[in-house]
Amino acid sequence: MRVLVLTKPFGALPPEELAARLAQAGADGADLLVRDGQTVTPGTAWRTAETARALRGNGLELGLVSTDLTSADSEAERVIGHCAEAGVPLLRVGFYRYEAGADFAAGLDRARRDLAGLAELAGRHGVRLVLALHHGTLHPSAAHAVRLLAGRDDVLVHPDPGNQAKEGSEDWRLSLDTLGGLDRIGCVGVKNAVWEPGETQGSWHCRWQPLADGGVVPWPTILPGLAGLGYTGPLSLHVHYPADNPFAAVRRDLGYLRGLRSEPRITPLAR
């Protein structure tokens, strides 16, 4: 499994510097976030090809581009077009947010229509879309993603057990089975989190945690389990926690990730 690194914590580094530092940190490639304040922004989508060349020059791949795109507008046409020119195989769409109290059925139908338009646009350019499982959205779990993607087989899914921990948890095998198996998986997000007491009595909040420090997501079980099932797609490592030196944080988390045992670790059920 190749390990891509989400570029979010590195800000607007020039492509050559970003690529060189990711190579020094030990990444296999980049999950390039296209957003204002980043190396590539929606308005500078033409830099995607420049960034891809810089990565390849350092022995890395541009395996995934992550975006905030949710509909097939002119910005989507521009960003997806430049991804196609750069040879990007996968593009992560934005988040279709859940709004409590709003008309759920109408919101779901609108998200389906918008995603369909994006998928058709991406298909014309030869780029495959992936939908991330993410808290606060209409697709926080495998079951909700399947509901949103009903009738579509041109969009892959991006499971992210760390994101899923924000709204509880879902057994990783149940996620895979619900989605229909490994063929539906485009990428797996890798991060960890911890739940801790909040400031008011009885309250709790979930915060991001360095992967190397553990957390509520059982990566020592999940990673060998994915390998045992034959998953060979990319992983996307996310450093969302505060870090004075994000590249050092990436290097540490990568070392932990690659040091996990290759055989599944079975945890007996409590009696």
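At what angle do H1 and helix H9 pack, and how far apart are their axes?

## Helix H1 and its two partners

In this predicted model, H1 and helix H9 (residues 246-259) pack at an angle of about 35°, and their axes lie 9 Å apart. The crossing of these two helices, H1 and H9, is right-handed. On the H1 side the meeting residues are Leu 18, Arg 21, Leu 22, Gln 24 and Ala 25, while H9 brings Phe 247, Val 250, Arg 251 and Leu 254. Sorted by class, the residues of the contact of H1 with H9 comprise six nonpolar, one polar and two charged.

Helix H1, which spans residues 15-25, also packs with H2, at an angle of about 35° and with the axes 8 Å apart. Here too the crossing is described as right-handed, with H1 passing H2. From H1 the contact draws on Pro 15, Glu 16, Leu 18, Ala 19 and Leu 22, and from H2 on Arg 47, Glu 50, Thr 51, Ala 54 and Leu 55. The contact of H1 with H2 holds six nonpolar, one polar and three charged residues. Leu 18 and Leu 22 of H1 are named in the contact with H2 and are named again in the contact with H9.

## Enclosed cavities

Searching the whole structure gives two cavities of 30 Å³ or more. The largest cavity has a volume of about 100 Å³, and its lining consists of Pro 159, Pro 161, Gln 164, Glu 170, Trp 172, Ser 175, Leu 176, Val 188, Ile 222 and Leu 226. At least two residues of this lining come from each of helix H6 (161-165), helix H7 (172-179) and helix H8 (219-229), and H7 supplies the largest share, three residues. In terms of class, the lining of the largest cavity has seven nonpolar, two polar and one charged residues.

The second largest cavity has a volume of about 40 Å³. Around the second largest cavity stand Lys 191, Asn 192, Trp 208, Gln 209, Pro 210, Leu 211, Leu 237, His 238, His 240, Tyr 241 and Asp 253, a lining that divides into five nonpolar, four polar and two charged residues.

## An open pocket

The lining of the second largest pocket is made up of seven nonpolar, one polar and five charged residues.

## A buried threonine and an exposed proline

Thr 41 belongs to the loop that runs between strand E2 (29-33) and helix H2 (47-57), the helix that also packs with H1. Thr 41 counts as buried because its relative accessibility is 15%, which falls under the 20% cut-off. When neighbours within four places in sequence are left aside, the residues in contact with Thr 41 are Val 34, Arg 35 and Asp 36.

Pro 197 is located in strand E8, which covers residues 192-197. With a relative accessibility of 56%, Pro 197 counts as exposed, since the cut-off for that class is over 50%. Residues up to four places away in sequence not being counted, Pro 197 touches Ser 203, Trp 204 and His 205.

Definitions and conventions
Residues numbered from 1 in each chain as written. Predicted model: local features only at pLDDT ≥ 70, side-chain atom pairs only at ≥ 80, totals over all residues. Heavy atoms only, no water. Nonpolar A, V, L, I, M, F, W, Y, C, P; charged D, E, K, R; others polar. Helix = DSSP H or I, 4+ residues; strand = E, 2+ residues; numbered from the N terminus. Buried < 20%, exposed > 50% of the residue type's maximum accessible area, 1.4 Å probe, protein only. Contact = heavy atoms within 4.5 Å. Axes fitted to C-alpha atoms, helices over the stretch in contact; angles between N-to-C directions. Left-handed = near helix turned anticlockwise from the far one by under 90°. 1 Å grid on protein atoms, 1.4 Å probe; cavity = no way out; pocket = protein on both sides within 12 Å on 5 of 7 lines; lining within 4 Å. Points joined across faces, edges and corners; volume = space filled by probe spheres on them.
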